[in-house]
Amino acid sequence: MIQSILHILRAYARAHAVPIADDPTTQYIESLLKKIRPKYCLEIGSAIWYSTLTIAHNIQKWGGKLCSCEVSYPSYMVALHYMYHSQLSNILLTYGDFIKFPPTYYHNSFDFVFVDGQKNQYLDYYLKLQERIHNDTVLVFDDVISYKSKITPLTDYLDQHSISYEIVQLSEEDGILTINA
């Protein structure tokens, strides 16, 4: 069932020009999740739910939970539809801007964070996440090569504060930035 929903979501994304995680990114995330086995995960920018479904499906195997937020109401409604049909019970899907959520909105600190929201807000997301991560948290920021100019505030901040990160090119045109907090 999960694979058929992923197939439908890929077709929907193509038909409606909705950007979703490409296959190399999805495969990288899946292998990372299997390696670190996070219990509490966060996704910022669920769009139509493609990466959300991928993450939730993988982490449910060891009892992991996923909180995902989306700022676009139409995308949120599509995501709700597919969430219902997936029958996964380890997801909290929220509508709204993560930056505006109060610090107490989420009850746990996160072991894994996938950021695929507004690229020009990546630094804001990172700073806000400081309230909800711990030393072993792995953060993954998507689309950092194709949107290099928009994520420069984040990389400048990380460099200025000597925060170690890695940019991994996953395809000819794009890649991710990972931080092991």
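Tutor: In this predicted model, helix α5, residues 122-129, packs against helix α6, residues 148-160, with their axes 7 Å apart and at an angle of about 45°. The two helices α5 and α6 are therefore oblique to each other. On the α5 side, the contact is made by Tyr 122, Leu 123, Tyr 126 and Leu 127, which meet Ile 151, Pro 153, Leu 154, Tyr 157 and Leu 158 of α6. By class, this contact of α5 with α6 holds nine nonpolar residues, no polar ones and no charged ones.

A second pair is formed by helix α1 (residues 2-16) and helix α4 (residues 73-86), whose axes come within 10 Å and cross at roughly 160°. Because angles over 145 degrees count as roughly antiparallel, α1 is described as roughly antiparallel to α4. The crossing of α1 past α4 is right-handed. Here Ile 2, Ile 5, Ile 8, Leu 9 and Tyr 12 of α1 meet Val 78, Tyr 82, His 85 and Ser 86 of α4. The contact of α1 with α4 comprises seven nonpolar, two polar and no charged residues.

Helix α2 (23-36) brings us to the pockets: α2 gives the most to the lining of the second largest pocket, with four residues. Strand β7 (175-180) also supplies at least two residues of that lining. The volume of the second largest pocket is about 200 Å³, and its lining has six nonpolar, three polar and two charged residues. The largest pocket holds about 660 Å³ of space. Among the 32 residues lining the largest pocket, Pro 19, Asp 116, Gly 117, Lys 119 and Asp 143 are the closest to its centre.

Note on methods. Residues are numbered from 1 along each chain as its sequence is written. This is a predicted model: local features need pLDDT of at least 70, side-chain atom pairs count only at pLDDT 80 or more; totals for chains, interfaces and linings use all residues. Side-chain values use heavy atoms; hydrogens and water are left out. Axes are lines fitted to C-alpha atoms, for helices over the stretch in contact, and angles run from 0 to 180 degrees between N-to-C directions. Angles under 35 degrees count as roughly parallel, over 145 as roughly antiparallel, 65 to 115 as roughly perpendicular and the rest as oblique. A crossing is left-handed if the near helix is turned anticlockwise from the far one by less than a right angle, and right-handed if clockwise. Contact means heavy atoms within 4.5 Å. Ala, Val, Leu, Ile, Met, Phe, Trp, Tyr, Cys and Pro count as nonpolar, Asp, Glu, Lys and Arg as charged, and the others, Gly among them, as polar. On a 1 Å grid over the protein atoms alone, a cavity is a set of points where a 1.4 Å probe fits but cannot get out, and a pocket is an open set with protein on both sides within 12 Å along at least five of seven lines; lining residues have an atom within 4 Å of a point. Grid points are joined across faces, edges and corners, and a volume is the space filled by probe spheres set on the points.
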